[in-house]
Amino acid sequence: MAELLDVSPTNYEHDTDVNLQLGELDFTSEDFLLDEVDVHIQENLEDEIVKEALKKGVDLRHYSKEIEQELLKVENESVQDYIKESQNIASLHRQIAACDTILERMEQMLNGFQGDLSSISTEIQSLQDQSIAMNVKLKNRQSIRGELSQYVDEMVIPETMIKSILECPVTEDDFKEQLHELNHKINFVKEQSFRDARACLDVKDILEKLKIKAISKIREFLLQKIYAFRKPMSNYQIPQNTLLKFRIFNEFLMANERHVAKEVRDEYIDTMSKIYYSYFKGYSSRLTKLQVPSEETKQTMGTKLGHCFSVRARYISKVFEEAAARDDLMGVEDTAKKSFFSSKPTLKNRSTVFTLGNRGEILTAELEAPVIVPHAAAKNETRYSFESIFRSLQFALMDNCCREYLFLSDFFMVSGSGAQNLFESIMGKTLATFIKLMEENIQDSYDSIGIFLSAHVVYRYQSIMSKRNVPALNRYWDTILNLLWPRFEYIVSMNIQSVRECEPSKLGHIDNRPHYITRRFAEFSAAIVGINASFPNDRVNRVLGQLQAEVENFILKMAAEFPQRKEQLIFLINNYDMMLGVLVERTSDDSKEAEMYRDLLAARTQEFVEEILAPHFGGLITFVKDSEVYLERNQADKLQAEEKRVLQIVRGFNNDWKRALENINQDVMRAFTNFKNGTQILQGALTLLIQYYHRFQKILSQPVFRNLQIKHELINIHHVMVEVKKYKPTF
């Protein structure tokens, strides 16, 4: 220990010499060391102690030796301190060595632990791999177990199914449920047999026997329900609703035995085809007997009845009303005919042929009303118009066809063209019969309004079926419309021809009241325009325009029969006013036809007002017009020659103006059948008179008439207006 801590002065000095020698070698060996010495010297010079010594003027060599002595002293003292604490240092050394030993053992233990942990991690990884493999095996086994369980359940035929199929009635819910399961198992076994599953062989025979038994029971049940339709007076809708509850039966037959399903379907088609044909044939024949006959039909019946059946003939005359006949045309004059029931002449009123009346309700309130019951109507001695018979037939057909089409689509599981073909196989014969019947009835009808209403009944029924999503009768409706519209055009063309050929000179006495031909046209036009607004048709507008042109020509020809223009204008105004009033009442106020007649009426009214003022105030009116022309041309000097004329006008006006107003009032009130229109024309005439009188006074205020003495005799215009107000209507 002493040797270790040998820090004697001798050794220290020796070391110091060696260091000095090395330092000398270092300072003399290389040039670059000089630079470092300079740096050290510079650093020493910057030292605070050195700076202080230099300030005091101390010799650095002496100062360096003093420092070295102090350092040596401190070093010796430090060595003594280490010697004194040698035992403690030795103890510390032993403790450190012991700690090193302990740490070494701990290192060995930790290395052992690390090895153990490494082996444990490997084992855990192995266990994790084993767990994953076991989990996969478990899932696979569970999946296989589920599929095998389902497969076995699909294959196995339970006793409850066998018992239900063999013993339960087909109407019970248990049979339907087991039938559904049976159908599912049959499909499943078929699918598995394609995969060569041997388990199918164990159940195939049992399933086949159950299928045959189920088909047999279903076939018998369905055929019985279909045969129930054939019972007299039976309501076939009830068994149809019953069949809808068992639509699964037809589905089962379609899936497993198509020839049986076809047998059931063919039996249903044959049965329902005959039922519908019989029903609609009988209904249509009984219903058409309730139609109002025409005059021609009554004449034929009267001839057949003879005199021996005069009582019955009187009964028929009482019950029957007249429908439109061939000669019921717009341009044909009302004539007196002798009835075959009596020798007295009867006056035929053709105006009802062209009037809509309450017949338009067939498109609103009566459109979906219950059908006509023939025996009840016959008992009540009720007769119906063409369109009422038509509506009842078409509504019955539409209602039954909609129900039948929806039943076929639901029960037989068809749609689109398949449903249409199946429907036509049932209703084809009935529809053909209906078309033939409609063709005969339409061709025998001369009731243009009835034909027109029937066409619009078809349009509305088409719309109803479209909303119900039933396209079954689309072709039928088109066929009926193709029968109705040509007939309507033909009847209207007959009316057009009758008006064109009508000669005013052959119509006897003519007065200025609205003519019955124009009244017929007004009623007919209002009816057609009002109804056609819902479903516009260009064909209707075309033929109606042709008829309107002929009627306008007829009115002008009739007006030409009057010798005076005033009478002609009264006739035209009365007719135009009547037609406008009917159109506005039955249609909209802003229709094209109403606007046209409103313009014609306004033009003729203006002309009439001028015409009626001329006899009483013609001189004043002519003078005003001539003077205004002079003033417009700046020729006022020409008015100087008119002083005498002005004198006559003023004095004539002063003498006769009140009497003239009264005469005008009486003429207008007697001339026009429409009191409201007459008062409006009167007010227009009096207003125009006030305007002319005002313009007359304005002309007299011109400088050329400045010295005219007669101006003082002019009646004040306010006085004239007060008198005119006496003729103002109080309503």
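**Figure 1. Helices H15 and H18 cross with a right-handed sense.** In this predicted model, the contact draws on Phe390, Gln394, Leu397 and Met398 from H15, and on Tyr476, Trp477, Ile480 and Leu484 from H18. Sorted by class, the residues in the contact of H15 with H18 are 7 nonpolar and 1 polar, with no charged residues.

**Figure 2. Packing geometry of H15 against H18.** H15 spans residues 386-411 and H18 spans residues 474-500. The angle between the two helices is about 165°, and their axes lie 13 Å apart. Because angles over 145 degrees count as roughly antiparallel, H15 is described as roughly antiparallel to H18.

**Figure 3. Packing of H15 against H16.** Helix H16 covers residues 417-444. H15 and H16 pack at an angle of about 175°, with an axis separation of 10 Å. The two helices, H15 and H16, are therefore roughly antiparallel to each other.

**Figure 4. Residues in the contact of H15 with H16.** On the H15 side, the residues include Phe386, Leu393, Cys401, Glu404, Tyr405 and Ser409. Among those they meet in H16 are Ala419, Phe423, Met427, Phe434, Asn441 and Ile442. By class, the contact of H15 with H16 has 17 nonpolar, 4 polar and 1 charged residues.

**Figure 5. The whole protein, for context.** The protein has 25 helices and 2 strands. Its length is 731 residues, of which 38% count as buried. Of the contacts between residues at least 6 apart in sequence, 77% join residues at least 24 apart.

Technical notes
Residues numbered from 1 in each chain as written. Predicted model: local features only at pLDDT ≥ 70, side-chain atom pairs only at ≥ 80, totals over all residues. Heavy atoms only, no water. Axes fitted to C-alpha atoms, helices over the stretch in contact; angles between N-to-C directions. Helix = DSSP H or I, 4+ residues; strand = E, 2+ residues; numbered from the N terminus. Parallel < 35°, antiparallel > 145°, perpendicular 65-115°, else oblique. Left-handed = near helix turned anticlockwise from the far one by under 90°. Contact = heavy atoms within 4.5 Å. Nonpolar A, V, L, I, M, F, W, Y, C, P; charged D, E, K, R; others polar. Buried < 20%, exposed > 50% of the residue type's maximum accessible area, 1.4 Å probe, protein only.
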